[in-house]
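Let us read this structure together, one feature at a time.

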Amino acid sequence: MNLSYSLQSYLPDGRDDVMSGILDDARKNTGASLVLLLATHHQTQRAPVMAYSCDTPLADDALVGLPGHCQTLLSLTTITAPLSGDDFIWPASLSDCRSDWIVLTRITDAQDYVTGTLLFVFSRKTLSAIESAYIDIARQRLSLDIQSRLARHPYADRLTEKVQLLDEIGLISKTGGWEYNVECGRITWTAETYRLFGVENTTDITVHRALANFPKEVRNDVRNALNETVEKGSPFSLELPFYDASHSARWVKVTGRANMSAGKVNRVYGSIQDITEQRRLSDTEHNYTTYLAAILDNLNDAVLTIDESGTVITANEAVDNIFGISADDLVGQDVTVLMPENEAKHHASYVQSYLETGKANIIGFGRELVAMHRSGRKFPIELSLSEVTLDGQRRVVGIVRDITERKEATDHILKVAYYDDITSLPNMKSFEKDLRALIERADSNNHDIYCCLLNLDNFSQYNLSFGKATGDYILQVIAGRLRRNLSSRFNVYRGVADQFIILHAEPVLETDKTITEMLNTMEWMLYNDVLSEMTLHGHSHVVTSSISSAHIHGSTASYEKVIGILEFGKKRAKAQGHGGRVSLERSAFEDYERHNYISQSFNRALTDNEFYLVLQPQYDGKGGVVSSEALLRWNHCAIGAISPAEFIPIAEESDAVVEIGYWVVNEACKLLHECRQQGLPTRIAVNISGRHIARADFSDRLLETTRQWGVSPHELVMEITETTLVKSIDLVRKRIEKLSNLGFAFSIDDFGTGYSSLSYLKELPISELKIDRYFVDEINFSGEDVPIVDTIVEMASAMKIRTVAEGIENEIQMSYLKKRGCDIFQGFFLARPMPVEKWLELLKNQKSNDNSSAK
């Protein structure tokens, strides 16, 4: 078979000095024994020698047989690894090369097609880096020289003209072009063809790649048509299915025409056009009207065409589902039959105005309207209108969507988001939204806002006693009474849990006496009418509530501040007992600000060491100090000394009391450690809050602290209030039993003021009871017995629990308690709380006196 090697068409016959010089330099620089330039062809392994540099002259028709995998190697790498010379077929004059090692490097043209190879023969298998570099330099020099020759070749100009022509055709007709080079077996595509097939325009295209987008069953048709054109020069035109880049099935029209040279075909070129849409239109043109009608009738939206007079010209089947009237019955009627009476009577004037001015707010825009069902039911729709001209007549096309379900869903979402499901009152989200708007108005008018908070007393007891259903019923009754008794000037909201909020809907002036009297009357009405008796399970009950109200200036108000002030007032009202009422004026806000300031200062106070301990000694009947109570004090950097009676309740509102408590325990252990080092045995009592008991890590942290300071658990007394004990009896039992087994002692503080119960005294390992000062104060000059004190002491003695009396103020109280058998005594009469240094001095003096007595 006669083959045409493209490299042969670029190079002259006979020796070329420039090319020979490149090969000689390459041979010298690399140390190769032989360098050959070979022309390659994809259809054969035989490679003609185009030029050489060696000591042995070669015949003009010398051929080298390349191994079968050389073409693949040259397409993957620029320079191959050394190959065995025995894999090559050599001319007789080069037969000695079979025992050498061969390195190949590819030579490419301007389109980066491999047109030849440079062959180096070495007697060794390994090459140095510099030798590899010289091989690459030789490759580049030859490639540039050949590409330069190609640029000056007459064929280059013709190719450029044809590429430009194909691109122009593709741009104008949106049709791709292609060309098949018979000699090298390569296919060239125009940019439009690359786009059509979804292939990167840098991809080399072979016949195999070009056929990959066609189904297998039509690929042979393309091959046969191409082969027939190559062999006979006859053109072809095919309409074929193919798959685009997204794997969607489409149709293309492929044409091909031969280009002859020297009596044979050397190129085949043609076009490729996407005809998917043409075929689809051709298939559906005969039933296009039915096709459109089927689409319209399967829409969920009603589609109407109306003329200038308002007559319905066309309608799809959806009008029956939406309006309850069939399309056949609706066509020919006036469109106002679909409108409520109020809309229908104005429709004619709207249409006339639009026809005269061309202006309408609804054309081109969607809007929500109310429509009329055939049954007379009104329902919400979304209407979109657009104008078209058909056969010279103005028509309006309307698309109607029934949005009843969407509106119901929206309303339901709004109700869930902004209303309470038990009372149906607006919830806290609604309150926040309304309050922020009211604050903005009050601020702009330099007015106040008025807000009131109701917090039901002991509501949780109703839930526990009667169940949640009864609790919900109480909330519903209170909500109903609030709605009935409050005028439209007030908005009512369901607050958190058992709370209700009343907001005056308009800004108010605090100095307006009429407003003030009206608000005061409203608050008393809450007590008399809203919080009146109700029947629960056949019995009459009075549900009481604390009431907290406030006037807040709009310029200083915020949602968070209003809630904070109401909660602050609620705590004051609760402190008054059931049914407490507090109305906060502006002057009371200083207390609120102080409360907030203190609550935000705890962490910083711990960090800056503003807390400190004082100790109040506890004496036995002989006057000796046997223990002391650690009392916390706070010297605030900004506001000075703060009473424990003020800051401890604030700390107990959050976990701040936990960290403060741990600090107290640590300081107490630190003092006990110091006493041990000075030989001053004693005990220290510290107060533990309910929040401490609830903490899972309480026991571990307590043990860790005592171990850190080397303190025995027997030296530390944990004081727990009776209220805390009873509220958390199950949890407390586990914690106390565990710590008691380790040696810690527990004392019930303020005994008798809470929910006294002999059962927990018997069940728990309690070491002592502290008689509250409230009962000690009952001991007076009259000499009368105080039965409750006597009972506590006798009961403790019977249970082998020591008693501690606190708040002793005089000798009479001291004598009475001694006679009754009290064990330990504490109070100002004996010693006031003292600084650590003075307390240590007291213990040292006692030790010194004890030593003197022993002598």
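A: Start with a term: buried means under 20% relative accessible area, exposed over 50%, and partly exposed in between (1.4 Å probe, protein chains only). The model is predicted: local features need pLDDT of at least 70, side-chain atom pairs count only at pLDDT 80 or more, and totals for chains, interfaces and linings use all residues. Residues are numbered from 1 along each chain as its sequence is written, and side-chain values use heavy atoms, leaving out hydrogens and water.

Q: Why does Thr-193 count as buried?

A: Because its relative accessibility is 1%. Of the 855 residues of the chain, 44% count as buried.

Q: Where does Thr-193 lie, and which residues does Thr-193 touch?

A: Helices (H or I, at least four residues) and strands (E, at least two) are DSSP runs, numbered from the N terminus. Thr-193 lies in helix α6, residues 191-197. Contact means heavy atoms within 4.5 Å. Leaving aside residues up to four places away in sequence, Thr-193 touches Gly-176, Gly-177 and Ile-272.

Q: How do strands of a sheet pair?

A: Through backbone hydrogen bonds, either parallel or antiparallel. Two strands pair if DSSP finds at least two bridges between them. Here 6 strands form an open sheet, ordered β3-β2-β1-β6-β5-β4, with antiparallel pairing. The edge strands are β3 (63-65) and β4 (83-84), each pairing on one side only.

Q: How many bridges join β2 to β3?

A: 3 bridges join strand β2 (residues 46-53) to β3. Pro-48 has Leu-63 in β3 as its bridge partner.
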